[in-house]
Amino acid sequence: MRKLALLADRFNTLWMENGAVHMLNRRKYPFSVEYVTCTNLEEVAKCIENMTIQGAPPLAYAAGLALSMLAKEHEMDSESEFFTAFEAGIDRLMHTRPTGWDLGYIMAGCRDIARKAYAENKDVSEEIRKYVYSQIENGNRIARDTGRYAADLLQDGARIQTICFAGAALAYTLYFAAEDGKDIELFACETRPYLQGARLTAASCVEMGIPVTVITDNMPGYLMESGKTNVFISTADKITMDGYIANKIGTYQIAMAAFDNDIPYYLLGYNGPDKNSYGPDSLVIEERNPDEVLHCLGMRTSVDGVRGYYPAFDITSPRYISAVATDRGVFPPRLIGRYLDKPYLDPFTNPRYI
């Protein structure tokens, strides 16, 4: 039986215990498996900002659990004081990663749960924790089903180019494709400055027994033009209703190279678009501390006196995307809005529609 990657199940890397939030330190994994314990909201916020926890869904779940801690901290406050502190907590967390869609979704859900629980005289902290856990469980199911649909898109002999770490859905895509008997191989950009590709993506492949080659971030175009890779896969931190995406910086140029070389670009769209986002202007690009690009794994890579620049994401047009795999099937990028009206059919018990 093929082993699934550790990072495919979010409960392996994030949970709440004894009133604290525990998370895998993704900046150190896989060279060491270390967990960070956060005892208040601010500590979680800083872990999101400093990339201790990464990936749009996982950081959103961590933020939700941070609100559970905040609710416990203020449980003896008056209603006015409680919700003033609660809204301030949401505002703080929303500013940690403004590009991601999942964060806003989870924050809105926690707000609704808190108000309902408070009105019904329930334990607000516990109700939020249960909500976030249900979202993690659902997120695991979404990643699994997305991977099942995406695996069907891959041909035998797929040589897959990817960037950053496309999360649990990528692990499931590779897992199911290999289980289907397809000969596949992955080429992972190292993904500066935190090397998510060289560390998280590559480690997940090794865990599953998938052949993987790490390349530098400026090699994808050559690999595509020379025939060494024949498909591009990524995820997106946010998808608009008309198919524009924001994803890790560098996605756009790889998408253009794929388009120029007639190579399909399959997007792992998880649970679809943000219904409130239309067009590229609706995508907020987070700009991180420019000093981060002057360091790698804790070592400075340039001399004093130079300046850095670090937009963490870029925007890719739907014209470069071949198809979007989600937990409800596969959609043309410009019609991804139809996801919201598509009924869910379990791909393991129903015929898979492409």
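**Figure 1. Strands β5 and β6 are parallel partners.** β5 (residues 184–189) and β6 (residues 212–215) pair in the parallel sense over four bridges. Strands here are DSSP runs of E of at least two residues, helices are runs of H or I of at least four residues, and both are numbered from the N terminus. Two strands count as paired if DSSP finds at least two bridges between them. Phe 187 has Thr 213 in β6 as its bridge partner. Between β5 and β6 the chain passes through helix α7 (residues 196–208), and this β-α-β crossover is right-handed. Right-handed means that, with the strands pointing away from the viewer, the path from the first strand over the helix to the second runs clockwise. The model is predicted: local features need pLDDT of at least 70 and side-chain atom pairs count only at pLDDT 80 or more, while totals for chains, interfaces and linings use all residues. Residues are numbered from 1 along each chain as its sequence is written, and side-chain values use heavy atoms, with hydrogens and water left out.

**Figure 2. Strand β5 also pairs with β4.** Five bridges join β4 (residues 158–162) to β5 in the parallel sense. Ile 160 is placed opposite Leu 186 of β5. Helix α6 (residues 167–179) carries the chain from β4 to β5 in a right-handed β-α-β crossover. Five of the six residues of β5 are buried, so this strand is largely enclosed by the rest of the structure. Buried means under 20% relative accessible area, exposed means over 50%, and partly exposed lies in between (1.4 Å probe, protein chains only).

**Figure 3. Strand β10 is covered on both faces.** In β10 (residues 265–270), six of six residues are buried. In a regular strand, side chains alternate between the two faces of the sheet. Tyr 265, Leu 267 and Gly 269 lie on one side of β10, with Tyr 266, Leu 268 and Tyr 270 on the other, and all are buried.

**Figure 4. Strands β7 and β14 are parallel partners of β10.** β7 (residues 231–235) runs parallel to β10 and is joined to it by four bridges. On this side, Ile 233 stands opposite Tyr 266. Four bridges also link β10 with β14 (residues 323–326), again in the parallel sense.

**Figure 5. Two cysteines without a disulfide.** The chain has zero disulfides when a disulfide is taken as a pair of cysteine sulfur atoms within 2.5 Å. For Cys 38, the nearest cysteine sulfur is that of Cys 47, 3.7 Å away. Cys 38 counts as buried because its relative accessibility is 1%. For Cys 296, the nearest cysteine sulfur belongs to Cys 164 and is 13 Å away. Cys 296 is buried as well, with a relative accessible area of 16%.

**Figure 6. The whole chain, for orientation.** The protein chain has nine helices and 15 strands. Its C-alpha atoms fill a box of roughly 65 × 60 × 45 Å along the principal axes. With 354 residues, a compact globule would have a radius of gyration near 20 Å, and the chain agrees at 20 Å. This radius is taken over C-alpha atoms, and the globule rule is 2.2 Å times the number of residues to the power 0.38. Of the 354 residues, 54% count as buried.
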